[in-house]
Amino acid sequence: MATEAADLTRPSARARVLVRGAFDLHVHVAPDVPPRRIDDVTLARRFAELGLAGVALKSHYTSTAERAQIVSSLVPGVEAVGTLTLNSAVGGMNALAVEIAAREGARIVWMPTVDSPAETAGRTEPEPGDKVPQWARLQHELRGLGLGVEPVHVTDPDGRLLPETHDVLHAIARHGLILATGHLGRDDTFAVVDGALAAGVARIVVTHPEFPCQDFSIPDQVALAERGCLLERCFTTPHSGKASWERVYEGVRAVGVERTLFSSDLGNPDYPAVEHGLALWADRLVGAGFDEDEVREMIVLRSRQLAEAV
């Protein structure tokens, strides 16, 4: 059944019902620097039509807190969640950026993504025939303009958290924000998670643990879950072939339903429609043998617990 679902880009009616009331806490939509499939207001209206509760607006380059408030006011019944990603464009490990975004209403802070030291495509000249992600093409373009885009480090050469990382974590804790690990590599992720727990951060999400620049082993995923983290499985990771669907299911079964969150990470123009993402996950999960109660817990209950806790 899971094999039959491999080419589907539109979810079943059953899946639509299963995910009603959910938040998709990881999407990339316009306005943005790279081209996106849909804009935030149109997406919110589609969410309202489908009975989805809300969406977290992610940008690699700027805070989305102010626009999230506007989207929420324009589309009754759908809550847009503002976020901040700590890449070079906002000053990297910049506690002031976190403080301002929090005061603007942001509720999720991602560690570096495109500027993570683990992400090298934007800093390594591609070979002929290489498929270069759109974010990496932008990095090369910026560098060509003389705008140095350096990796944003969270630790020193000995693996200890930098003072500015501690400042960021304390700001996240002070405002009760959700910390997401972004594209940090394995060692940096564990250092940040342990530092966040020590700082009093209550909600930590490990972003797409199967993603190539991270590719956490199953024992590492279990160790992070045992620390209280949620493991966020993003639809685009297996959909784009960066990991197998079975690899995702293996991780879910290892850490347990109670430590698993599903989101889409959709918005790339070449991927399925953003509003289909959670329901496409539901079809996949049912096809893989998870029962409907488990699917609703991982997609609906877990996302609502996060979104409504801040």
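**Reading helices, sheets and cores**

Guide: In helix α3, which spans residues 65-74, the buried residues are Ala65, Arg67, Ala68 and Val71. Seen down the axis of α3, these buried residues fall within an arc of 155°, so they line one face of the helix. Please keep in mind that this is a predicted model.

Visitor: Which exposed residues does the face of α3 turned away from its buried side carry?

Guide: That face carries Glu66, Gln69 and Ser73. As for the buried residues of α3, their cover includes the helices α2 (40-50) and α4 (95-103), together with the strands β2 (54-57), β3 (79-81) and β4 (83-85).

Visitor: How is a sheet to be read, and what is the strand order in the sheet that contains β2?

Guide: The general idea is that strands of a sheet pair through backbone hydrogen bonds, either parallel or antiparallel. Here, three strands form an open sheet in the order β1-β2-β3, and the pairing is parallel. Its edge strands are β1 (23-27) and β3, each of which pairs on one side only. Neighbouring strands of this sheet are turned by 20° against each other on average, direction ignored. Between β2 and β3 there are three bridges in the parallel sense, and Val55 stands opposite Ala80 in β3. Helix α3 packs on this sheet, touching β2 and β3, and its direction makes about 175° with that of β3.

Visitor: Which strands make up the open sheet of six?

Guide: Its order is β4-β5-β6-β7-β8-β9, with parallel pairing. β4 and β9 (260-263) stand at the edges with a single partner strand each, so one side of each is left without a neighbour in the sheet. The twist averages 25° from one strand to the next. Strand β8 (residues 230-234) runs parallel to β9 and is joined to it by four bridges; Cys234 stands opposite Ser263 in β9.

Visitor: Is His26 buried or exposed, and what is it in contact with?

Guide: His26 is found in strand β1. Its relative accessibility is 0%, and therefore it counts as buried. Leaving aside neighbours within four places in sequence, His26 is in contact with Ala56, Lys58, Trp110, Thr207, His208, Glu232, Cys234, Ser263, Ser264, Asp265 and Leu266.

Visitor: How should I read the length of a helix, taking α7 as the case?

Guide: One compares its reach with the span expected at 1.5 Å a residue. Helix α7 (residues 186-199) has 14 residues and reaches 20 Å from its first C-alpha to its last, close to the 20 Å expected. Its buried residues are Asp188, Thr189, Phe190, Ala191, Val192, Val193, Gly195, Ala196 and Ala199. These pack against α6 (163-175), β6 (178-180), β7 (203-207) and α8 (218-226).

Visitor: What follows α7, and what follows α5?

Guide: After α7 comes Gly200, whose phi is positive, near 95°. After α5 comes Gly146, whose phi is also positive, near 85°. Helix α5 itself (residues 134-144) has the buried residues Gln134, Trp135, Ala136, Leu138, Gln139 and His140.

Visitor: How is a nonpolar core to be understood, and which residues have the most contacts inside the largest one?

Guide: In soluble globular proteins, nonpolar side chains tend to be buried together. In this model, the largest nonpolar core has 42 residues, and Trp281, Leu285 and Ile299 have the most contacts inside it. At least two residues of this core come from each of α1 (13-18), α2, β2, α3, α10 (245-255), α11 (277-287) and α12 (292-309). Helix α11 gives the most, with seven residues. Ile299 touches Val19, Ala22, Phe23, Phe262, Leu278, Trp281, Ala282 and Leu285, not counting residues up to four places away in sequence. Apart from this core lies another, of 38 residues, among them Leu84, Val90, Val98 and Leu184.

Conventions
Residues are numbered from 1 along each chain as its sequence is written. This is a predicted model: local features need pLDDT of at least 70, side-chain atom pairs count only at pLDDT 80 or more; totals for chains, interfaces and linings use all residues. Side-chain values use heavy atoms; hydrogens and water are left out. Buried means under 20% relative accessible area, exposed over 50%, partly exposed in between (1.4 Å probe, protein chains only). The arc is that of the directions from the helix axis to the C-beta atoms. Contact means heavy atoms within 4.5 Å. The expected span of a helix is 1.5 Å times one less than its number of residues. Two strands pair if DSSP finds at least two bridges between them. Axes are lines fitted to C-alpha atoms, for helices over the stretch in contact, and angles run from 0 to 180 degrees between N-to-C directions. A nonpolar core is a set of buried Ala, Val, Leu, Ile, Met, Phe, Trp, Tyr and Cys residues joined through side-chain atoms within 4.5 Å.
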